[in-house]
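I begin with one side chain and what surrounds it.

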Amino acid sequence: MKTLTQRDQQHIWHPYTQMHTAAPAIPIVKGSGAYLFDENGKRYLDAISSWWVTLHGHAHPYIAEKVAAQLLQLEQVIFAGFTHPPAIELAEVLLALLPPAQKKVFYTDNGSTAVEVALKMCLQFWNNKGQDRKKVLALTNGYHGDTFGAMSVSGRSVWTKPFEGLLFEAVFIDPPTTANLPELKSFISHNAADTVCFIYEPLVQGSAGMLMYSPDCLDSLMHHCRKEGVLMIQDEVFTGFGRTGKNFASDHLKEFPDLMCFSKGLTGGTMPLGVTTCSQEIYDAFLSENQHKALYHGHSFTANPLACTAALASLELLLCAETQAHIERICQKHSGFLIKLQKHPRIRTVRQIGTILAMEWETGMETSYFNGFREKLYPYFLEKGILLRPLGNIIYLLPPYCMNNEDLDYIYVAILSALEEN
Ligand SMILES: *Cc1c(COP(=O)(O)O)cnc(C)c1O
């Protein structure tokens, strides 16, 4: 009989993987809390929340129970011309948690499509107003997904290179710092009249290597965008749902955006779902007797009732005192470890916001996704039963909130040993 690995290799093409050289994929047959189990019963601590999605742990019984009940009630219904209770309730719950300007919810099924919709809303907003605007501002090194619009507003890299000629041109500006703010502001003022929108990952640029920048600087930049009439898309696909220590990155900010994008932790990491929210002003620009002014965008599984139900259950868990205490606990544990790392000669820099801790290793080479260091460290941690997926020489921790202190300590110790041994 063929093993799961052999059957996988025969038929499956994995994401972000050079299939020619990659080690075979590890078949996972069970998840529970912060653990994943392979077919031989080997346990892995999921220290990256399975690509940043898992919030409350794997196979959470509460979410499972709610989804199972919904599955027997209503599994799917066309969302044009029809609606359903989970979508309505989720919109109510989510909007109540967001900054005041967010008034409408548009559903999709992943982070990239949530971004596509936000971009299309902004482009058509101006179009519906009879203005021909083309410039989209984005941050250098940003990441907003892998579909064409999302790639277009993401930093140009090895990932986007083969498609470069077909991406629309975005205007890239550096993340704001006290030093460059005056320059960024004058650039924005100069370009505001033909700018469609500004899209950014708030406070943390995840895929770029957990690069962090200050809420004060972002506030200042957002304030300026508001003054100049530049629409803002805040991509909280990664930062949403407690990762930064608060429910949303926007909870660290005084200013608020015009549109927001969510996915990943939205369903607690159980099912695919995307959300784009927008202000009344955006929404109103599509209202017309003229059919041409509607937003012609939708996906077969728009607002899938099971995914909406999972999101509602996950939000309930997120907001309860116990989870909030876990988030606080992880923030503090990380801060303690950060102090240790700061003094370590092999650590170039270390940074933290909330439950996200990232460190750059001194490798004698430039920091980059392909600097080869990853190829050593990834198997090193797997061997120790820890799933960590370094971005080049940047190691980051992003635990599900249920991860206990012993498991966090186990990972910290493994990182310290790796520093000695690699
Ligand atoms: C992951 C990510 C996306 C894309 O989400 P997918 O569901 O993977 O398509 C978009 N924006 C940010 C900030 C992300 O981290």
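I looked up the surroundings of histidine 84 first: leaving aside residues up to four places away in sequence, histidine 84 touches Leu74, Val77, Phe79, Ala303, Asn304, Pro305 and Cys308, where contact means heavy atoms within 4.5 Å. I note that this is a predicted model, in which local features need pLDDT of at least 70 and side-chain atom pairs count only at pLDDT 80 or more, while totals for chains, interfaces and linings use all residues. Residues are numbered from 1 along each chain as its sequence is written, and side-chain values use heavy atoms, with hydrogens and water left out.

I placed histidine 84 in the loop between helix H3 (61–73) and helix H4 (85–97); helices (H or I, at least four residues) and strands (E, at least two) are DSSP runs, numbered from the N terminus. Histidine 84 counts as buried because its relative accessibility is 2%, buried being under 20% relative accessible area, exposed over 50% and partly exposed in between, with a 1.4 Å probe and protein chains only. Its side chain reaches the backbone oxygen of alanine 303 at 2.7 Å, a polar contact being a pair of N or O atoms within 3.5 Å, where within protein one must be able to donate a hydrogen and the other to accept it, and residues adjacent in sequence count only if both atoms are side-chain atoms.

Alanine 303 has a positive phi of about 55 degrees although it is not a glycine. Most residues other than glycine have a negative phi.

I found another positive phi, near 65 degrees, at phenylalanine 241, which sits in the loop between strand E10 (232–235) and strand E11 (259–262) and, at 0% relative accessibility, counts as buried.

Which residues surround the ligand? I listed Trp52, Asn110, Gly111, Ser112, Tyr143, His144, Gly145, Glu201, Asp235, Val237, Phe238 and Lys264, a residue being near if one of its heavy atoms lies within 4 Å.

For polar atoms at the ligand, I noted that an oxygen atom of the ligand is 2.8 Å from a polar backbone atom of glycine 111, and that a polar side-chain atom of aspartate 235 lies 2.7 Å from a nitrogen atom of the ligand. The ligand taken alone exposes 380 Å², of which the protein buries 84%, with accessible areas from the Shrake-Rupley method and a 1.4 Å probe.
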